[in-house]
Amino acid sequence: MAEVVIVGSVDAAGEVAADAIEQLVLRKPRAVLGLATGSTPLTTWRALAARNLDLSEVRGFALDEYVGLPAGHPESYRSVITREVVEPLGLTPSLVRVPADDGPIETAGVDYEAAIEEAGGIDLQILGIGRTGHIGFNEPGSSFASLTRMKTLTEQTRRDNARFFDSPEQVPLHCITQGLGTIMRARHLVLLAFGEAKASALAGAVEGPLTASLPGSVIQLHPQVTVIVDEAAASELVYADYYRYAWKNRLAWEQI
Ligand code: F6R
């Protein structure tokens, strides 16, 4: 079962996720991180930036990218990752990849999988979750074995992401995303979720049932998952009291 950490604020969640990344990088300076975009990981990046670690050797792979935005569009995930992750954390730009950032879209999935493999696989994958239950942009129906490929965004996800654009119609219809199978190969998954709007998807992901209709539920098959949530996102978890009790009584040597 995932370790579920229920914290009092979005900032506190960022500190816990940053602890996990810091422990990894101190152990392995050339660690490979999987990078989510969107609102959820922002306090993680902020907490990490404040620690002034040397992250210049860390390699990064973004989870996903919109398809169809002009190069350099401020809301392309390449731009977002540069602005919100690479620059504030002092990552080396050439060590950070985004799907389809290099070469033709037709082979981008295969190329991305090869690049991840060549880097030795992802050590720690930061994840958010969408209201549809997606992780990455694996919308309902995505195979648990899927690899990096193009997907069509649901209307719900396009509405949810419209806040980043001038109008809902500007949100691309298509994306390229690491698959659920790709995400499952990462050695440690750190899933963050905040706010009541995520409570139902989060409960489905953590407590099941396992179903491609709620793609995030695939995390139940992973051996090392840390789920970090605020009280609102935790509000539909049946075993919330147990998670609080287990976290409070964790042993000193246990790493996140
Ligand atoms: C982003 C991603 C998505 C988001 C999810 C939540 O790279 O893969 O799964 O994590 O849509 O988005 P926010 O954090 O904006 O609520």
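# A tour of the ligand site and pockets

Begin with the ligand, which sits in the largest pocket. The model on display is predicted.

**The ligand and its shell**

Select the ligand together with the residues around it: 14 residues form this surrounding set, and the closest are T37, T40, D64, H134 and G136. By class, the shell consists of three nonpolar, eight polar and three charged residues.

Next, show the side chains of T40, H134 and R163. In T40, a side-chain N or O atom lies 2.4 Å from an oxygen atom of the ligand. For H134, the corresponding separation between a side-chain N or O atom and a ligand oxygen atom is 2.6 Å. At R163, a polar side-chain atom is placed 2.8 Å from an oxygen atom of the ligand. How much of the ligand does the protein bury? Taken alone, the ligand exposes 410 Å², and the protein buries 93% of that area.

**The largest pocket**

The volume of the largest pocket is about 440 Å³. Its lining comprises 23 residues, and those nearest the centre are T40, I129, H134, N161 and K198.

Colouring the lining by class gives eight nonpolar, 10 polar and five charged residues.

**The second largest pocket**

Move on to the second largest pocket, where about 210 Å³ of space is found. This pocket is lined by 16 residues, with E65, Y66, L69, P99 and A100 closest to its centre. Select strand β4, residues 64–67, to see the largest share of the lining, which amounts to three residues. By class, the lining of the second largest pocket divides into 10 nonpolar, three polar and three charged residues.

**Two backbone features**

The last stops concern the backbone. Most residues other than glycine have a negative phi, and most peptide bonds are trans. Centre the view on N52, in the loop between α2 (42–49) and β3 (59–62). Although N52 is not a glycine, its phi is positive, at about 50°.

Finally, go to P209, which is located in the loop between α7 (199–207) and β10 (225–230). Is the peptide bond from G208 to P209 cis or trans? The bond is cis, with omega near 0°.

How values were computed: Residues numbered from 1 in each chain as written. Predicted model: local features only at pLDDT ≥ 70, side-chain atom pairs only at ≥ 80, totals over all residues. Heavy atoms only, no water. Near = heavy atom within 4 Å. Polar contact = N/O pair within 3.5 Å; in protein donor to acceptor, adjacent residues only side chain to side chain. Areas by Shrake-Rupley, 256 points an atom, 1.4 Å probe, with all protein chains shown as cover. 1 Å grid on protein atoms, 1.4 Å probe; cavity = no way out; pocket = protein on both sides within 12 Å on 5 of 7 lines; lining within 4 Å. Sits in = over half its atoms within 2 Å of the grid points. Nonpolar A, V, L, I, M, F, W, Y, C, P; charged D, E, K, R; others polar. Points joined across faces, edges and corners; volume = space filled by probe spheres on them. Helix = DSSP H or I, 4+ residues; strand = E, 2+ residues; numbered from the N terminus.
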